Amino acid sequence: MKIVFWGVRGSIPTPGPDTVEFGGNTSCVEVRCGQHVLIFDGGTGLRLLGNQLLKEMPLEAHIFFSHVHWDHIQGFPFFIPAFVRGNVIHLYGGLNVSRTLEETLAGQMDFPSFPVHLTEMGAKLTFNDLAEGQELRIEGDVRITNARGNHPNGVYAYRVDYNGKSVVYATDTEHYSIVDPKLKRLCQDCDVLIYDAMYTPEEYAGQTGSGPKTGWGHSTFVDAVALAKAANVKKLVLHHHDPMQTDADMREKERRCQQIFPNSIADREGMVIEV
Ligand SMILES: [Zn+2]
Ligand SMILES: [Zn+2]
């Protein structure tokens, strides 16, 4: 499996001189399982991935949305392969909001907010609303399972198993007082865990920044390590970085995390992990 990070930021894109090292695009992670193209979230990083995928037409791709907050869907109207006839894009999301995934993706492209409607995109789009715990197979050899996390309006974490290796993508979730038992089960013995580590413990507690973040549906790197250790995860990737964090802040967050879990790294745009 090959994992490529196209967008690593949470909440809102953060271009500028303070974020050039880690990048400012919102969540989008590509996971290649042999020739199968899997994409996790459609933040603004999806636009860059789409430009790259234009070299692989005709394309069949599978996009899994953790949830439909703006920072996870706002790249989709700029995903050029979805406008190209002959491509097939399968879209998946959790049954956790009041509208279906199709209604939500169409909603962000409604007049007058966007000039082109979802129904005018040229590729064949399939919409798949997933139930919690539902197992999915792509041509038999890729297995995708999910678990619900803790986030306002709901969120799904996904696990991909392929060829004896496994990757979990779990963003926008919060642990509260204990390691989330559902996520622990989903992550058990996985090779790579990509996890929401938006805050430092000081930011989460409100000792620095704009006040406490309890109940906002995000975690700290200490929560990430607790889950990684509890589930016997091999490699931890800190994801969904707070827009307030500069490159220097991110390096410090990564350094502190590595002190308590050596095989960890903060994701950066363009980073590649092979397992
Ligand atoms: Zn988010
Ligand atoms: Zn969110």
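Predicted model: local features only at pLDDT ≥ 70, side-chain atom pairs only at ≥ 80, totals over all residues.
S10 has another partner in S9, and here the pairing is antiparallel, with five bridges. Within this pair, Tyr-158 sits opposite Tyr-169 of S10. How covered is S10? Five of its six residues are buried, so the strand is mostly covered.

## A closer look at Ser-166

Ser-166 belongs to strand S10, which spans residues 165-170. Is Ser-166 buried or exposed? Its relative accessibility is 3%, and because the cut-off for buried is under 20%, Ser-166 counts as buried.

Leaving aside residues up to four places away in sequence, Ser-166 touches Met-1, as well as Arg-159, Val-160 and Asp-161.

## The hairpin turn and another positive phi

S9 and S10 form a hairpin with two residues between the strands, and Asn-163 has a positive phi there, near 55°. Asn-163 is in the loop that links S9 (156-162) to S10. With a relative accessibility of 67%, Asn-163 counts as exposed.

Asp-41 is another residue other than glycine with a positive phi, in this case near 75°. Asp-41 is located in the loop between strand S3 (36-40) and H1. At 0% relative accessibility, Asp-41 is buried.

## The zinc site

Now to the metal. Which residues donate to the zinc ion (ligand 1)? The protein donors are Asp-71 through OD, His-72 through NE2, Asp-172 through OD and His-240 through NE2, at 2.1 to 2.2 Å from the ion. Along the chain, these donors follow the spacing D-H-x99-D-x67-H. Both Asp-71 and His-72 are buried.

The zinc ion (ligand 2) lies 3.5 Å from the zinc ion (ligand 1), and Asp-172 coordinates both ions.

## Cysteines without disulfides

The structure contains zero disulfides. For Cys-28, which is in no disulfide, the nearest cysteine sulfur belongs to Cys-33 and is 15 Å away. Cys-28 is also buried, with a relative accessible area of 0%.

The cut-off for a disulfide is a sulfur pair within 2.5 Å. Cys-33 is buried as well, at 0% relative accessibility.

## Two cis peptide bonds

The peptide bond between Met-57 and Pro-58 is cis, with omega about -10°. Pro-58 is part of the loop between helix H1 (45-53) and strand S4 (60-65).

Phe-111 and Pro-112 are also joined by a cis peptide bond, with omega about 0°. Pro-112 is in the loop that runs between helix H3 (101-107) and strand S6 (124-130).

Methods:
Residues numbered from 1 in each chain as written. Chains lettered and ligands numbered in written order. Heavy atoms only, no water. Helix = DSSP H or I, 4+ residues; strand = E, 2+ residues; numbered from the N terminus. Buried < 20%, exposed > 50% of the residue type's maximum accessible area, 1.4 Å probe, protein only. Contact = heavy atoms within 4.5 Å. Donors = N, O, S within 2.8 Å, 3.2 Å for Na, K, Ca; no water. Pairing = 2+ DSSP bridges.
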